[in-house]
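Welcome, and thanks for taking a look at this one. Please open the structure below and keep it beside you as you read.

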Amino acid sequence: MASTKIHIGKFNFENCFMNAAGVYCFDREELEKILNSEAGTFVTKTATLSPRDGNPTPRYQDVPLGSINSMGLPNLGFDYYLEYLLELQKTHPDRTFFFSLVGMSPEDTHTLLKRVQESEFNGLVELNLSCPNVPGKPQIAYDLETTEKLLTEIFSYFKKPLGIKLPPYFDMVHFDQAAAVFNKFPLTFINCVNSIGNGLILDDETVLIKPKDGFGGIGGEYVKPTALANVHAFYKRLNPSIQIIGTGGVLTGRDAFEHILCGASMVQIGTTLHKEGPEAFKRITEELKAIMDEKGYKTIEDFRGKLKYL
Ligand code: ERO
């Protein structure tokens with residue numbers, strides 16, 4: 001049968017699927033469920049220097065075509081996740097995990113990354129440059145000057161494998177400009193895409209979530225065309241050493257197949273994982289393998305990036 005093994009940088013994973021940051025990754029209990037599922041690995045909830053309560057509830061709502069959230073970066077703080085990750089390095093030395101991070105200021109981000117650099121952590125860092133939901137804080141990666149400055153400073157001291165979680169871009173010129181910045185740095189990966197920021201979904205006359213008068217990040221089926229476009233636009237523009245994690249609108253094996261055709265190596269699942277629970281990994285993996293078997297593809301590399309044009 002087909003294999004869905006992949007590698008990111010020097011790390012090998014038994015399966016190309018994992019959770020998207022924010023879903024099933026708040027605490028040890030949730031992360032353990034992903035650890036013990038069919039997923040190839042997990043990423044933690046984006047950690048900040050201090051724990052955060054996040055925005056008022058209700059702040060996440062599933063809807064038929066996806067989800068809307070304005071969680072506001074609730075998390076248990078950097079030390080909590082680092083302690084768990086270091087413990088797992090001892091109990092699961094053959095596995096590699098992702099640590100999602102961002103500071104509430106550039107100074108905080110440097111403090112966090114310097115601590116990771118000094119620690120025994122030997123996995124991958126996913127620096128979140130795209131949170132849409134903290135009132136008053138813009139999505140960092142929509143400001144390419146700020147992003148370039150931040151990455152320049154980071155890579156002066158940070159020597160471990162690091163990737164960035166990006167918001168969706170919607171203009172060809174923005175793809176060109178963003179790729180030109182990312183290509184200046186020894187990034188291990190980019191992750192396309194975070195939720196589509198600041199959408200509105202209504203129920204009759206009323207918004208669905210409390211923070212920001214109902215504005216929130218959109219996930220699920222709504223997002224797939226945008227996610228595929230971002231994966232493929234960067235696949236065509238980035239140095240081949242920068243791998244791509246595809247995230248957005250993965251409900252089925254077919255959706256994952258499309259992300260990989262567009263150039264994704266790893267595929268993350270958010271809204272569907274929230275709706276279905278960690279059993280989703282088994283179903284979607286089996287569906288992807290069935291498509292690969294039918295088409296005669298034995299490995300992910302057999303079709304990754306091989307999107308056909310008219
Ligand atoms: O509100 C959040 O915690 C959040 N929601 C998202 O859809 N994406 C994020 O990146 C994020 C916070 C980091």
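This is a predicted model: local features need pLDDT of at least 70, side-chain atom pairs count only at pLDDT 80 or more; totals for chains, interfaces and linings use all residues.

| Space | Volume |
|---|---|
| Largest pocket | about 690 Å³ |
| Second largest pocket | about 400 Å³ |
| Largest cavity | about 40 Å³ |

The largest pocket has a volume of about 690 Å³. Its lining is made up of 41 residues, and those closest to the pocket centre are Ala 21, Gly 22, Val 23, Tyr 60 and Asn 69. Several elements take part: strands S5 (66-69), S13 (216-220) and S15 (266-269), along with helix H8 (271-276), each bring at least two residues to this lining. S13 has the largest share, with 4 residues.

Now for the second largest pocket, with about 400 Å³ of space. Its lining counts 21 residues, of which Gly 103, Pro 106, Lys 137, Pro 138 and Ile 140 are the closest to the centre. Helices H3 (106-118) and H4 (144-157) each supply at least two residues of this lining, and H4 gives the most, namely 4. By class, the second largest pocket is lined by 10 nonpolar, 7 polar and 4 charged residues.

Which residues line the largest cavity? They are Leu 85, Gln 89, Arg 95, Thr 96, Phe 97, Phe 121, Asn 122 and Gly 123. Sorted by class, that lining holds 3 nonpolar, 4 polar and 1 charged residues. The count of cavities of 30 Å³ or more comes to 1.

**A helix pair**

Let us finish with two helices in contact. Helix H6 (residues 224-237) packs with helix H7 (residues 253-261) at an angle of about 25°, and their axes are 8 Å apart. Angles under 35 degrees count as roughly parallel, so H6 and H7 are roughly parallel to each other.

Notes. Residues are numbered from 1 along each chain as its sequence is written. Side-chain values use heavy atoms; hydrogens and water are left out. Axes are lines fitted to C-alpha atoms, for helices over the stretch in contact, and angles run from 0 to 180 degrees between N-to-C directions. Angles under 35 degrees count as roughly parallel, over 145 as roughly antiparallel, 65 to 115 as roughly perpendicular and the rest as oblique. On a 1 Å grid over the protein atoms alone, a cavity is a set of points where a 1.4 Å probe fits but cannot get out, and a pocket is an open set with protein on both sides within 12 Å along at least five of seven lines; lining residues have an atom within 4 Å of a point. Grid points are joined across faces, edges and corners, and a volume is the space filled by probe spheres set on the points. Ala, Val, Leu, Ile, Met, Phe, Trp, Tyr, Cys and Pro count as nonpolar, Asp, Glu, Lys and Arg as charged, and the others, Gly among them, as polar.
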